[in-house]
Amino acid sequence: MKSETEQVLRVGEYVFPLDRYYCSYQNSHLWLRMVDENIAEVGIDAFLSETAGRLSYLSVSSERLERGKSFATIESAKFVSRLAAPVSGEVVELNAEVLANPSRVNEAPYDAWILRVRLASREELEAEGMLRSAEQIRAWIEREIERLEEE
Amino acid sequence: MRLLELGYMGWKQSQLVYHALAELGEPAVVLQRTAHTYFCLGMFSPAEDLNLSFLERRGIPCFRRAIGGGTVLLDREQLFYHVVIPRESELAPVRVSTMYRRFLKPVIDTYAELGVKASYRPASDIVAEGRKVSGNGAGVVGECLVLSGSMLLDFNFELMAEALNLPGRLRRRALELMRERLGTLKQLAGEVDAAELRRMLAGRFEDLFGGFESGRLSLELVREMRRLEGRYTSREWLYARGRRRQGTLLKIAEGCYLIHTKLAGVELSAELQEGVLGNVRALRGGRRQRELEDALAGVRAERQKILNILAERLGCTEEIEKAAELLAGG
């Protein structure tokens with residue numbers, strides 16, 4: 001956590017700082033935190049970080065993100081999957097430390113941003129599946145936990 | 001859900017078939033064997049793990065699959081199973097470890113039917129009597145979850161060791177470790193009839209999925225395999241995809257790795273067994289570096305701890321940081 005005064009939501013064993021957006025679109029489980037007027041950091045939330053297992057590989061394949069399209073690939077527990085972009089925009093910075101040591105995502109999912117993106121349109125922050133309020137996030141994660149419990 | 005029992009297939013086809021099913025979004029379990037010996041790299045396995053010139057000389061091909069796991073030797077003495085399930089299906093688990101537990105249960109039950117008490121060992125192995133008896137990889141292809149693995153009737157340990165891109169001493173050690181830590185059906189259950197094994201495995205998968213329609217290689221599937229062939233057999237795909245490591249990390253079985261690296265003029269090899277470094281050997285200009293060896297031996301595979309040991313003796317550079325990651329099993 002960045003600061004002790006930061007507001008966080010706890011749902012089951014999962015923690016969600018409330019200073020950012022969470023993407024439930026395609027169940028991508030990515031977070032997006034605005035760091036400037038049009039620049040946002042993108043990372044993996046605590047739910048995906050835990051259910052995927054320890055990340056051993058992370059690579060970003062696109063310089064431009066297109067909402068809903070694959071922009072990165074991860075490997076955890078011998079399982080390869082893709083990350084779908086929460087928003088569209090131009091990648092302005094990659095987090096070399098996290099790309100070199102992807103297990104940082106498991107250790108501190110909300111500090112381990114993957115990339116910074118210049119948003120093509122702030123309107124996408126209000127698009128379907130971009131969650132900001134504690135109520136929305138709680139409802140979504142409770143459904144996700146239910147799915148886990150049914151397994 | 002369809003069951004495709006496809007018998008022997010060519011080496012490329014034996015991999016393309018599940019990629020094609022997944023791209024088409026067709027749920028299926030495929031049981032088959034390969035007619036040819038080949039090596040198969042995981043999506044991010046470094047091609048440099050293998051001695052590629054040795055493979056070329058021997059005419060042994062190599063395929064890179066689009067799912068996870070490490071580098072494996074595949075041949076006629078193995079029964080492959082591939083499970084393809086749409087991600088949105090109720091059968092598709094959210095948690096990766098649950099997916100392995102669920103989809104590997106039929107394989108474990110088949111071992112039990114043969115009198116071999118096997119169990120799942122995370123991340124993706126099946127073990128029996130302390131040996132890995134089945135390795136597996138998985139991933140998302142198209143909009144499907146795919147799990148692929150094999151049951152070893154027998155295994156060519158010598159060829160696997162020969163093909164590794166390691167100095168001779170370490171190749172010999174890899175061979176010893178593989179003999180200790182890998183188990184075949186021939187060793188554990190005697191001679192097993194492959195057709196009988198396939199029948200048993202099909203039955204256990206049927207128990208899991210509640211019945212199958214029987215399938216075949218449809219024209220649409222063959223077309224999709226042909227379409228994918230160019231992508232998956234290009235040199236660019238084979239050589240450009242692997243992760244860049246500061247040396248070789250050879251997984252023998254879950255919890256057992258052989259490591260070889262060169263850093264700051266030192267050639268270092270070690271074994272990582274159940275999270276602890278051992279058998280460390282460090283050479284600089286042909287001379288043993290005993291102090292470094294002793295400092296690393298018995299250390300738990302924690303990146304920061306290893307980095308501290310290396311940095312204190314060899315300096316802290318990007319190369320050293322990467323070597324620490326490698327020695328920590330990453």
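**Entry 1. Terms and model**

I count a residue as buried if 20 or more other C-beta atoms lie within 10 Å of its own, with the C-beta atoms placed from the backbone. The structure I examined is a predicted model. I noted its scores, which are ipTM 0.91 and pTM 0.93. For chain B I recorded an average pLDDT of 95, and 99% of the residues score at least 70.

**Entry 2. Strand E11 of chain B**

I began with strand E11 of chain B, residues 144-152. Which of its residues point one way and which the other? I found B:Cys144, B:Val146, B:Ser148, B:Ser150 and B:Leu152 on one side, while B:Leu145, B:Leu147, B:Gly149 and B:Met151 point the other way. Residues of both sets are buried. Because nine of the nine residues are buried, I describe E11(B) as largely enclosed by the rest of the structure.

I then looked up the partners of this strand. Strand E6 of chain B, residues 78-86, runs antiparallel to E11(B) and is joined to it by nine bridges. Within this pairing I located B:Val84, whose bridge partner in E11(B) is B:Val146. E10(B) is also antiparallel to E11(B), and six bridges join the two. Here I saw B:Asn136 opposite B:Gly149 of E11(B). E10(B) and E11(B) form a hairpin, and I counted two residues between them. In the turn, B:Gly142 has a positive phi of about 60 degrees.

**Entry 3. Where chains A and B touch**

How many residues does each chain give to the contact? I recorded 23 residues from chain B and 18 residues from chain A. On the side of chain B that touches chain A, the elements giving two or more residues are helix H3 (96-113) and strand E10 (136-141). E10(B) supplies the largest share of that side, namely five residues. By residue class, I found this side of chain B to hold 11 nonpolar, nine polar and three charged residues.

I noted A:Phe79 opposite B:Ala138 of E10(B).

**Entry 4. The sheet of chain A**

I traced an open sheet of seven strands in chain A, in the order E7-E10-E11-E5-E4-E3-E12, with antiparallel pairing. Its edge strands are E7 (64-65) and E12 (130-131) of chain A, each of which pairs on one side only. Inside this order I examined strand E4 (residues 30-34) and strand E5 (residues 39-44) of chain A, which pair in the antiparallel sense over five bridges. A:Trp31 stands opposite A:Gly43 of E5(A).

**Entry 5. Helix H4 of chain A**

I next checked the span of helix H4 of chain A, residues 134-150. At 1.5 Å a residue its 17 residues should span 24 Å, and the end C-alpha atoms are 24 Å apart, so the two agree.

Which residues of H4(A) are buried? I found A:Ile137, A:Ile141 and A:Glu144. They cover an arc of only 55 degrees around the axis, which puts them on the same side of H4(A). I recalled that an α-helix has 3.6 residues a turn, so residues three or four places apart point the same way. The buried residues of H4(A) pack against strands E1 (8-11), E2 (14-17) and E3 (21-23), helix H1 (46-52) and strand E12 of chain A. On the face of H4(A) turned away from its buried side, I listed the exposed residues A:Glu135, A:Glu142, A:Arg143, A:Glu146, A:Glu149 and A:Glu150.

Technical notes
Residues numbered from 1 in each chain as written. Chains lettered and ligands numbered in written order. Predicted model: local features only at pLDDT ≥ 70, side-chain atom pairs only at ≥ 80, totals over all residues. Pairing = 2+ DSSP bridges. Helix = DSSP H or I, 4+ residues; strand = E, 2+ residues; numbered from the N terminus. Contact = placed C-beta atoms within 7 Å. Nonpolar A, V, L, I, M, F, W, Y, C, P; charged D, E, K, R; others polar. Buried ≥ 20, exposed ≤ 12 C-beta atoms within 10 Å, placed from the backbone. Expected span 1.5 Å × (residues − 1). Arc of directions from axis to C-beta. pLDDT = per-residue confidence, 0-100.
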